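Work through the following exercises with the sequence and the model side by side. Each task is followed by a solution that goes step by step.

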Amino acid sequence: MGFSTDAIHAGQEPDLKTGAVITPIYQTSTYAQEELGKHKGYEYARTQNLTRESLEKNIAALEKGKYGIAFSSGLAATNALMSLVKSGDHIIISNNVYGGTYRLYELVMKDFGLDYSWVDTSNLKNIENAIKPNTKIVYVETPTNPMLTITDLKGVSEICKKNNFISIVDNTFMSPYFQNPLEMGCDIVLHSSTKYINGHSDVVSGIVVTKSDKIHDRLRYIQNAAGAIPGPFDCWLILRATKTLAVRMERHEKNANQLAEYFSKNDKAKKVYYPGLKLHPQHELAKKQMRGFGGMISVDFGDIETAKKVVNDVKIFTLAESLGGVESLVCHPASMTHASVPKADRDKMGLTESLVRFSVGIEDVEDLIEDIDNILG
Ligand SMILES: *Cc1c(COP(=O)(O)O)cnc(C)c1O
């Protein structure tokens, strides 16, 4: 099936009892059992919930996987992934991942005996060089947040297959519409569904997708054992949202392309980071592994005053954390999303105090450009 057909139908049969076309919100914590030892496959809602199952099947189809395992947030999913390894194991990870991922792994999970090497995975050699005898996972985010650096996913999956590592890809920025890492041989895809998948800035949620029975079994076990599940209403909202994911992503990208072109012609924007621009150093790789370039743009204005003016004076863009919603947002990564990353590490990757990140929404692009142009002139 095509993406939009799956988005609208996968995992969603009309309700057996009433024929309701839309999967109901099964807002229940428990289920009646017919007699001792006999039930309908539903015992307790941490373990089984039909609204959640529909969502998991839906996203699994969109990511070309076999299983979806939903969590209460992207970070709850990120946390669950560490139950695939044990104390003493080593993980190679992109040095420019989501700030919360860095905080969880480096400042929390390390205390549990996990060892992390933070490397620039956009150069595959850095991955090879970081391999240790106890390496178990290679974890990448591509494009990265907020520098929009690209990692070669086929290359990552080949290294992992050769060495028997698990490859994990945070695909939040592209959504399943523009990039499917499992199709490039990677083992696990992670999404903060808070972002593009839900897209309406009204849910915090996460999901993991895989084709592997073994990985699924372990993560399904952890989903129940640790219990970081999303509520049925949140699952229902996300199911409602995936129906329009394709049309939203098309528009995000169209708007972002035009805004990136505008920035690249304005000399107040000293550096423009957008994979769709020919001047992006990895534009060719982006074209190869992504079907579009997404809706995220980062701009370095060269001095903090201009950056401040932009984030404070915008009228249509809203100054806020998060991304991927229908409304345009602007953020200052150094003091907001990436404040927990040490300054020296931020500077090394170009995440300066004058960098501003734009999550381009689906408003009329003329209005978005005018909003910025009124400030930059
Ligand atoms: C937001 C985000 C996360 C964390 O997800 P939450 O839903 O906020 O817990 C992880 N990775 C990326 C790329 C994100 O943007």
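**Exercise 1.** Which residues does D234 touch, not counting residues up to four places away in sequence?

Solution. Before starting, note that this is a predicted model, in which local features need pLDDT of at least 70 and side-chain atom pairs count only at pLDDT 80 or more, while totals for chains, interfaces and linings use all residues. Residues are numbered from 1 along each chain as its sequence is written, and side-chain values use heavy atoms, with hydrogens and water left out. With contact taken as heavy atoms within 4.5 Å, D234 touches V203 and V204, residues up to four places away in sequence being left aside. D234 is found in helix α9 (residues 232–242), where helices (H or I, at least four residues) and strands (E, at least two) are DSSP runs numbered from the N terminus. Its relative accessibility is 25%, so D234 counts as partly exposed, given that buried means under 20% relative accessible area, exposed over 50%, and partly exposed in between (1.4 Å probe, protein chains only). The C-alpha atoms of D234 and L329 are separated by 22 Å, the two residues being 95 apart along the chain.

**Exercise 2.** Determine the strand order of the open sheet of seven strands, and state which helices pack on it.

Solution. Counting two strands as paired if DSSP finds at least two bridges between them, the order reads β1-β7-β6-β5-β4-β2-β3, with mixed pairing. At the edges stand β1 (67–71) and β3 (115–119), each with a single partner strand, so one side of each lacks a neighbour in the sheet. On average, neighbouring strands of this sheet are turned by 20° against each other, direction ignored; axes here are lines fitted to C-alpha atoms, for helices over the stretch in contact, and angles run from 0 to 180 degrees between N-to-C directions. The pairing of β1 with β7 (residues 206–210) is antiparallel over five bridges, and A70 has I207 in β7 as its bridge partner. Helix α2 (residues 50–62) packs on the sheet by touching β1 and β7, its direction making about 125° with that of β1. Helix α3 (residues 74–81) also packs on the sheet, touching β1, β4 (135–141), β5 (166–170), β6 (188–192) and β7, and its direction makes about 150° with that of β6. Six of the eight residues of α3 are buried, so this helix is largely enclosed by the rest of the structure.
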